[in-house]
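Subject: Handover of a structure and its findings

Dear colleague,

Please find below the structure that I am handing over to you. My findings follow directly after it, and I would be grateful if you read them alongside the model.

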Amino acid sequence: MDWYPLANSLRVAFISCVIVFFTGIAAAWYTSKLPGLVKGVVDVILTLPLVLPPTVVGYFLLRLFGPRRIIGQWALEGFGIRLTMVWYSAVFASSVVSFPLMYRTARGAFETFDRTLEYSAKTLGLSDTYIFWRIVMPCCRQGILAGTVLSFARALGEYGATSMIAGYTPGKTATISTAVYQLWRTGDDVHALKWVLVNLAISFTVLTFVNLLERKETR
C-alpha cells in the first residue's frame, strides 16, 4: 500500500496549521478590538471560506495562482515556480479553508478575556507584546488549542479546493481525500476503504482531543 497520501496529507495539514495559527490569532486579536460596524464587515470577509463551497474557494485560488493569472504568472516568470498542480498547492487550499476555524475560535477566546488584566498590566509599564504572549495567550490557551486542533483536522480532510488547485498525481500531489475519490472512481473499493478507515481514525482522535480540552476548560 502506497503511504504517500498519508505523508503528504500530514505535511500539508501541518504547514497549513502553522500558517493559520499565526494569521488566525493575529486577525482575531485585532478584529476583536475594532468598532462594531467595521468589525462586522471584517468578520464576514474573514469567515466567508467557512460557508463557501470548497470548489468555489478552489476556483478563486485558480484565478489567483494559475500560470496565466496575477500571482501565478508573476511567480512562474520571475522565479520559475509553479503554484498549481504541485504538492504545496494543497497548502494554499487547506490554509484558506481552515483559516476561519482558527479565526472564529481564537476570536471567541479573546472576547471572553478579562480586559482589566490587560489594562492593569499596562499601568505597570509592560509592553503590548509581553502582555499578549505572557498574559492574554495563557488565559485563552484552551480556545487557542481547540482552534489549532480543529484547523489541523480540517486541513487534513480538505478535498474540494485541493482537487482543483493541486489535482491528483500519485506520488506527487495525492492526499488522503483525493486518493479516496480516485480509488473509488477506478473501482478499487478495497484500498479506498483503507484510506477511509485511516481518515476516520485520525478524525476520531482529533475530536476526542478537542472534547478533552473542552471538558478541562469547563472544570
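Thr31 has its place in helix H1, where helices (H or I, at least four residues) and strands (E, at least two) are DSSP runs, numbered from the N terminus. With a relative accessible area of 3%, Thr31 is buried; buried means under 20% relative accessible area, exposed over 50% and partly exposed in between (1.4 Å probe, protein chains only). Leaving aside neighbours within four places in sequence, Thr31 is in contact with Lys39, Val42, Leu46 and Tyr103, contact meaning heavy atoms within 4.5 Å.

Please note that this is a predicted model, in which local features need pLDDT of at least 70 and side-chain atom pairs count only at pLDDT 80 or more, while totals for chains, interfaces and linings use all residues. Residues are numbered from 1 along each chain as its sequence is written, and side-chain values use heavy atoms, with hydrogens and water left out.

Overall architecture

The protein has 11 helices and zero strands. From the N terminus on, its elements run α-α-α-α-α-α-α-α-α-α-α. The C-alpha trace spans about 65 × 45 × 30 Å along its principal axes. Of the 219 residues in the protein, 41% are buried. Among contacts with a separation of 6 or more, 70% are accounted for by residues 24 or more positions apart.

Nonpolar cores

In soluble globular proteins, nonpolar side chains tend to be buried together. A nonpolar core is here a set of buried Ala, Val, Leu, Ile, Met, Phe, Trp, Tyr and Cys residues joined through side-chain atoms within 4.5 Å. The largest such core has 20 residues, and those with the most contacts inside it are Ile25, Ala106, Phe110, Phe132, Val136, Cys140 and Ile144. Helix H1 (4-31), helix H5 (89-111) and helix H7 (128-139) each supply at least two residues of this core. Its largest share, six residues, comes from H5. Apart from this core lies another, of 14 residues, including Leu6, Ala13, Ile176 and Ala192.

Ala106 is in contact with Ile25, Ala28 and Ile144, leaving aside its neighbours within four places in sequence.

The packing of H1 and H7

Two packed helices are described by the angle between their axes and the distance between the axes. The axes of H1 and H7 come within 14 Å and cross at roughly 85 degrees; axes are lines fitted to C-alpha atoms, for helices over the stretch in contact, and angles run from 0 to 180 degrees between N-to-C directions. H1 is therefore roughly perpendicular to H7, given that angles under 35 degrees count as roughly parallel, over 145 as roughly antiparallel, 65 to 115 as roughly perpendicular and the rest as oblique. On the H1 side, the contact is made by Phe21, Phe22, Ile25 and Trp29, and on the H7 side by Phe132, Trp133, Val136 and Met137. By class, this contact has eight nonpolar, no polar and no charged residues. In this scheme Ala, Val, Leu, Ile, Met, Phe, Trp, Tyr, Cys and Pro count as nonpolar, Asp, Glu, Lys and Arg as charged, and the others, Gly among them, as polar.

Cysteines

How many disulfides does a search of the whole structure find? The search finds zero, a disulfide being a pair of cysteine sulfur atoms within 2.5 Å. The sulfur of Cys139 has its closest cysteine sulfur in Cys140, 6.3 Å away, which is too far for a bond. Cys140 itself counts as buried, at 5% relative accessibility.

Further individual residues

Asp43 is found in helix H2 (residues 36-51). At 12% relative accessibility, Asp43 counts as buried. Beyond its neighbours within four places in sequence, Asp43 is in contact with Tyr103, Arg104 and Arg107.

Ala93 lies in helix H5 and is buried, with a relative accessible area of 0%. Not counting residues up to four places away in sequence, Ala93 touches Leu61, Ala161, Thr162 and Ile165.

Leu64, in helix H3 (residues 54-65), is partly exposed, with a relative accessible area of 37%. Leu64 touches Arg69, Ile70, Ile71 and Gly72, residues up to four places away in sequence not being counted. The C-alpha atoms of Leu64 and Leu83, 19 residues apart along the chain, are separated by 9.5 Å.

With kind regards
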